[in-house]
Amino acid sequence: MQVQFRIERFNPDQDTKPWFGEYTVEVEPTDRVLDALNLIKWHQDGTLTFRRSCAHGICGSDAMRINGRNRLACKELIRDYGDKITIEPMLGFRVIKDLVVDMEDFFASYRTLQPYLINDEPAGVGRERPQSPEEREVFDDTTKCIMCGACTTACPITWTNEDFLGPAAIVNAHRFIYDSRDQGANERLEVLNSKSGVWRCRTIFNCTEACPRGIQVTRAIEQIKRTLLTGDNNPD
Amino acid sequence: MYHRFDAIIVGAGGAGLMAAAQFASEGDVAVVSKLYPTRSHTGAAQGGISAALGNLEEDHWIWHMFDTVKGGDYLVDQDAAEVLSREAIDAVYELEHMGLPFNRTPDGKIDQRRFGGHTRNYGEAAVRRACYAADRTGHMILQTLYQQGIKNQVRYFNEVMMVDLLMTDDGVCNGIIGLDIQTGEIHIFHAKAVLLATGGFGRVFKVTSNALALTGDACAILFRRGLPLEDMEFFQFHPTGINKLGILLSEACRGEGGIIRNGKGERFMERYAPTLLDLAPRDMVSRSIHQEIRAGNGVDGQDYVHLDLTHLPAEVIEQKLPDISEFVRTYMGLDPITDLVPIQPTAHYAMGGIPTDVEGRVTVDGDNTVVPGLYAAGEVACVSVHGANRLGTNSLVDLVVFGRRAGKHMLEFMRQNDHQPLDPEPDYRARAEIDTLMSNETEENGADIREELQVHMMDDAGVFRTAEGLQRLQSKLAELKDRFSRVGVRDKGTTMNMDLMETLELGYLLDVSEAVVAGALAREESRGGHFREDFPERDDANWLRHTLAYKTSGGIEMGSKPVVITRFEPKERTY
């Protein structure tokens, strides 16, 4: 089938402002949006630029706005969009070129919340730190994050408030706060209780809708709010 | 721009980051990756990482070693397989201590499941050896190691692509040249030691589970510099790729009880591997699938068969194979709980690569002469622990065990050695190559050449090979290389020039393909992942040895290296 793509273009070497390029491409309905972008780049316009790697929704490279919604181009099939598709870069990040955005601040927010296991007690040689299947299940959902940025750039709070750490950073803090092996919850909760933290969230659910991994992002943020209010470190 | 570090690690996947973790408290180290952090393909590994923890049933490292050797059709270097299976245990505990969220047994230990070719008591029956985190074990390894890098304040150079290796006239490695994709700038990285951990080259094939980034960069760069590549003819086709797309459906599907059926609904593995059935090693299962298709037993006469999970409890599929279920739903519009899933073998893993010893040091000949200061680990390397066919889960074991060993050895090397002086103009080769590509007329389109390469490699260097097909492929490669000399980069800018990146990658793919084909043509036998229809038997008398391919001005020259045999004499391989 023939599909018409409108793609937002911006090359800082020559453009003063973004513009839309139009491309017609022959694809199968079961092709991915990423396949169509590759066809355009490879056979029509070699300057079209977007990040991509695994092409099946696991590396998090190709988050972009597809018909106005944050999606991974490799997880969306043409047949679900029809014959007119508009592609734009994620909102709220500086555009480096075309669909490629600057993710340095995004990763800086992530690092703020100490996204690594904190436990100073020796773990013992030749054995694991014990954890029950139930304890493991508590933070299962937030281990799925691939840091694509779809949730954070879907959140209207992050568009207007530079200080807000954003949903992705909070999701990764959640993954450790509720890990029974971790001892750093208080330090992370202190940051999350500050003006850059969870209280900025207005439960708009854009993040949850945008997450290509199906993580219940808003729920995770609400669990942290509840822990801050009650001091109870059990999210449910 | 000039940078000076004690050690440079190229590639931010499991091997590179595990090596970086060894520098936690000492040494000035930087990780250079052509991707953004956490985008590396280790993250796509699904099923598990094997270690003989024995958490659910009796298991021993030596059983793991035996399975690895037999799985590799006895081409495995047994000293390396012993290191792999012994140190896997400690490495898995180290990952757990770093925070990796493994699935758990009811008594709080790391849970383990069955995987292809992993057995108890030297082949009696499948054993629970694969430690796992749902079906995203690689994702959790990558995340956990990246998190350690943040904790240890590792320096990252993101979206910087290695384009050359630096060596002194005496053959000591003293750095790399990197192309900054974001800015177009050339970086000179001067280092005492360099680790290459850039992954595989599955993108030489049309249908592959590999990421677009897996183009064999480091293999090709070394090859061009006259260093050898080992056992390049051994490439693994994973039996269960999603039909046409090649997206991987983990062996864990079969570990949990899934069955492969032909178009008649038969469980045909009963005829090919009566003991292990669907959990036979991947080379055997992939060949069996192709034999069924050739016999007209594909589904509706087409070139695919079915993966059947429909008899498994829905909660097993949802809880233990959630990502895979989502792939099937997203890309096929099918539900694995109720529908049969169309699958075909997909190009998955390079057993061959840059020859190294068990410390990760790159070697250059049959006597294992070392290149001082140069290391390789992970899929890019050939230790060789996988021999002619890798067992499922052993890639992740390889990453952490040999990434760790390489990191530790580099730390020692760095303490005892100084920086070797660079040439006055160390980046001249890289600049010349890039200038040519940028200034060429765009007479030929690189994408056309890449697509043709992938189709022909799939047809003539895939699961089945013949001298005739490989010779045809050699001529085709010569034609494609000639056309490549007339490719010009269409994007003339400096910012984020991914057209330039893809063109450089195409050059690497072409060189790596030449090495694959040369090895496949030379090895006149069938072993593991290399099957020659004109030489269908394994030939230990002539071919129980590794191949080494050298690029010379007169073409590719083949050398060889003995296989290290310590505990297990080669035997016939049945399952």
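Student: Why do Glu514(B) and Lys551(B) count as a salt bridge?

Tutor: A salt bridge needs a side-chain nitrogen of Lys or Arg within 4 Å of a carboxyl oxygen of Asp or Glu. Here the N to O distance is 3.3 Å, so the pair passes the cut-off. This is a predicted model, where local features need pLDDT of at least 70, side-chain atom pairs count only at pLDDT 80 or more, and totals for chains, interfaces and linings use all residues, while side-chain values use heavy atoms, without hydrogens or water. Residues are numbered from 1 along each chain as its sequence is written, with chains lettered from A and ligands numbered from 1 in the order written.

Student: What does the pair of Glu514(B) and Lys551(B) tie together?

Tutor: Glu514(B) sits in helix H15 (residues 498-522) and Lys551(B) in strand S19 (residues 545-552) of chain B, so parts 37 residues apart in sequence are linked. Helices (H or I, at least four residues) and strands (E, at least two) are DSSP runs, numbered from the N terminus.

Student: Why is Lys551(B) called partly exposed?

Tutor: Buried means under 20% relative accessible area, exposed over 50%, and partly exposed in between (1.4 Å probe, protein chains only). Lys551(B) has 26%, so the middle class applies.

Student: What makes a group of salt bridges one network?

Tutor: Shared partners. They join residues including Asp73(B), Asp231(B), Arg287(B) and Arg573(B). Over all chains, the search finds 78 salt bridges.

Student: How do you know that Asp98(A) and Arg9(A) pair, and where do they lie?

Tutor: Their closest N and O atoms are 3.1 Å apart. Asp98(A) is in the loop between strand S6 (95-97) and strand S7 (100-101), Arg9(A) in strand S1 (residues 2-9) of chain A, 89 residues apart.

Student: Are these two buried or exposed?

Tutor: Asp98(A) has a relative accessible area of 2%. Arg9(A) has 4%. Each value is under the 20% limit, so each residue counts as buried.

Student: What makes the salt bridge of Asp323(B) and Arg213(A) join two chains?

Tutor: The side chains meet at 3.1 Å, N to O. Asp323(B) lies in helix H10 (residues 322-332) of chain B and Arg213(A) in the loop between helix H8 (206-210) and helix H9 (217-230) of chain A, so the link crosses from one chain to the other. Asp323(B) and Arg213(A) are both buried.

Student: Why is Ser25(B) called exposed?

Tutor: Its relative accessibility is 76%. That is over 50%, so the label holds. Ser25(B) belongs to the loop between H1 and strand S2 (29-33) of chain B.

Student: What makes H1(B) mostly covered?

Tutor: Eight of its eight residues are buried. Gly14(B), Leu17(B) and Met18(B) are among them.

Student: How do you know that H4(B) has the expected span?

Tutor: The expected span is 1.5 Å times one less than the number of residues. H4(B) (residues 137-151) has 15 residues and reaches 21 Å from first C-alpha to last, close to the 21 Å expected. Of those residues, 14 are buried. Just after H4(B), Gln153(B) takes a positive phi of about 55 degrees.

Student: What is the overall make-up of chain A?

Tutor: Nine helices and seven strands. Its C-alpha atoms fill a box of roughly 60 × 40 × 30 Å along the principal axes. Of its 236 residues, 61% are buried.
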